[in-house]
Amino acid sequence: MTDALLVLEDGRTFAGEAYGATGETLGEIVFNTGMTGYQETLTDPSYHKQIVVMTAPHIGNTGVNDEDPESGRIWVAGYVVRDPARRASNWRSERSLDEELAAQGVVGISGIDTRALTRHLRERGVMRAAIVSGDALLDGSGRPHTTEDLVARVQSSPQMSGADLAAEVSTDVPYVVPPVGERVARVAAVDLGIKSMTPARMAERGIEVHVLPATSTIDDVLAVAPDGVFFSNGPGDPGAATHEIELLREVLDRRLPFFGICYGNQLLGRALGYGTYKLGYGHRGVNQPVLDRRTGKVEITAHNHGFAVDAPTDGPSLAPHDGGRYGRVEVSHIDLNDDVVEGLNALDLPAFSVQYHPEAAAGPHDAGYLFDRFLDLIHASQNEGTDA
């Protein structure tokens with residue numbers, strides 16, 4: 001018997017079985033094309049307020065553990081799978097995925113045709129949705145809710161466009177990730193939804209990482225005495241992040257070496273004066289081919305974003321903000337599937353960014369060199385200061 005229903009904003013519904021917690025959840029529905037890494041996906045703060053559809057049919061095979069989460073909790077608003085594992089089988093597994101979802105109150109649905117759902121979202125674009133299961137399927141008199149009632153509830157829920165969410169997922173207090181071995185640099189990392197593997201990758205390179213709240217000011221950043229500044233991934237519409245954009249401009253004005261990933265790439269674009277726009281269905285998964293235009297190398301990369309930077313791709317351009325005071329900028333990386341801007345490189349400032357996730361949690365390791373590039377940028381800035 002069907003005991004769960006997925007309801008889309010455009011009126012389409014999918015009947016299935018409850019998975020994880022029962023109840024009702026609302027959010028923007030998106031799909032993830034990764035075949036592995038579901039635990040890292042669930043705990044990625046960038047998925048805040050999103051219902052995630054897994055396109056891989058079998059989910060939960062390896063269970064969950066306490067070592068692989070990328071944050072302290074599951075952030076997805078809801079979870080959609082086709083064939084959940086009947087039994088977790090892995091030597092590192094500590095409990096099943098459905099038990100973890102239920103324990104954290106994450107409402108899910110299983111047993112639906114996720115291929116048909118994904119094709120629908122590709123054609124119509126991501127949209128708002130609800131998962132309703134258990135007693136939430138009934139109204140106050142004990143009768144089932146009508147489809148019209150549920151669709152109306154979805155349509156009255158908040159949209160992702162215009163949502164300023166980074167402060168909702170960021171750390172409340174600063175903390176430090178110490179370097180592995182001798183310290184070679186100190187970085188202020190602004191947490192807009194950071195994954196735990198990101199500062200770990202920098203620490204592996206001898207960087208002392210001071211993770212700061214999204215609400216930090218330039219004085220908070222400078223108090224760390226950083227050799228460089230990093231902006232993380234995160235949820236929401238970059239056009240709504242006015243505080244973070246102004247903070248980044250303060251960083252650029254002081255010529256502090258800057259590196260941003262994912263949301264940080266979009267914020268660099270806006271700080272430089274370029275626009276951003278919402279993609280039809282976004283890039284989410286661990287298999288996106290990206291071209292590094294400077295080297296000609298193609299990288300297979302991990303993505304999670306629904307917005308992109310609108311910048312000229314036919315050569316360097318003058319950054320539009322404030323009459324071009326930040327100088328020239330080039331689009332350094334391009335997505336080979338749809339030509340979306342995947343990276344920016346400032347030619348007259350020590351700043352660059354990429355739209356994807358080099359920390360490889362989960363995902364391929366092709367882009368790990370970007371942390372080395374950030375460290376090289378810091379060293380070059382330090383040497384300039386010495387020469388001066």
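**Stop one: the binding-site positions**

Start by selecting Ser46, Gly234, Gly236, Gln266, Asn304, Gly306 and Phe307: an unreviewed UniProt entry annotates them as "binding site". They are spread over 262 residues of sequence but cluster in space, with a largest C-alpha distance of 13.4 Å. UniProt positions here follow the numbering in use, feature names are shortened, and an annotation may be inferred rather than shown by experiment.

Before moving on, some housekeeping. This is a predicted model, where local features need pLDDT of at least 70 and side-chain atom pairs count only at pLDDT 80 or more, while totals for chains, interfaces and linings use all residues. Numbering runs from 1 along each chain as its sequence is written, and side-chain values use heavy atoms, with hydrogens and water left out.

Now zoom in on Gly236, in the loop between strand S13 (228–231) and H8. Helices (H or I, at least four residues) and strands (E, at least two) are DSSP runs, numbered from the N terminus. Gly236 counts as buried because its relative accessibility is 11%. For the cut-offs: buried means under 20% relative accessible area, exposed over 50%, and partly exposed in between, using a 1.4 Å probe and protein chains only. Show what surrounds Gly236: not counting residues up to four places away in sequence, it touches Met160, Ala163, Leu165, Tyr263 and Phe307. A contact means heavy atoms within 4.5 Å.

Next, pick Gln266, which sits in helix H9. Gln266 is buried too, at a relative accessible area of 2%. With neighbours within four places in sequence set aside, Gln266 contacts Pro238, Thr276, His305, Phe307, Val309 and Gln355.

Step just past the end of H9 and you reach Gly273, with a positive phi of about 105°.

To see who does the touching, select Glu244, Ile245, Leu248, Arg249 and Leu252 on H8, then Leu267, Leu268, Arg270, Ala271 and Leu272 on H9. Colour that contact by class and you get seven nonpolar, no polar and three charged residues. Here Ala, Val, Leu, Ile, Met, Phe, Trp, Tyr, Cys and Pro count as nonpolar, Asp, Glu, Lys and Arg as charged, and the others, Gly among them, as polar.

**Stop three: the active-site trio**

Select Cys262, His357 and Glu359, which the unreviewed UniProt entry covers with the annotation "active site".

Cys262 is in the loop between strand S14 (258–261) and H9. Check its backbone: phi is near 55°, a positive value in a residue other than glycine. Cys262 is buried, with a relative accessible area of 1%.

Jump to His357, in the loop between strand S20 (351–354) and helix H10 (369–387). Is His357 buried or exposed? It counts as buried, at 3% relative accessibility. Beyond its neighbours within four places in sequence, the contacts of His357 include Asp44, Lys195, Cys262 and Asn304.

Glu359 is in the loop between S20 and H10, and it counts as buried at 0% relative accessibility. Outside four places in sequence, Glu359 contacts Lys195, Met197, Thr198, Arg201, Ile261 and Phe371.

Then look at the peptide bond from Ala361 to Ala362: it is cis, with omega near -10°.
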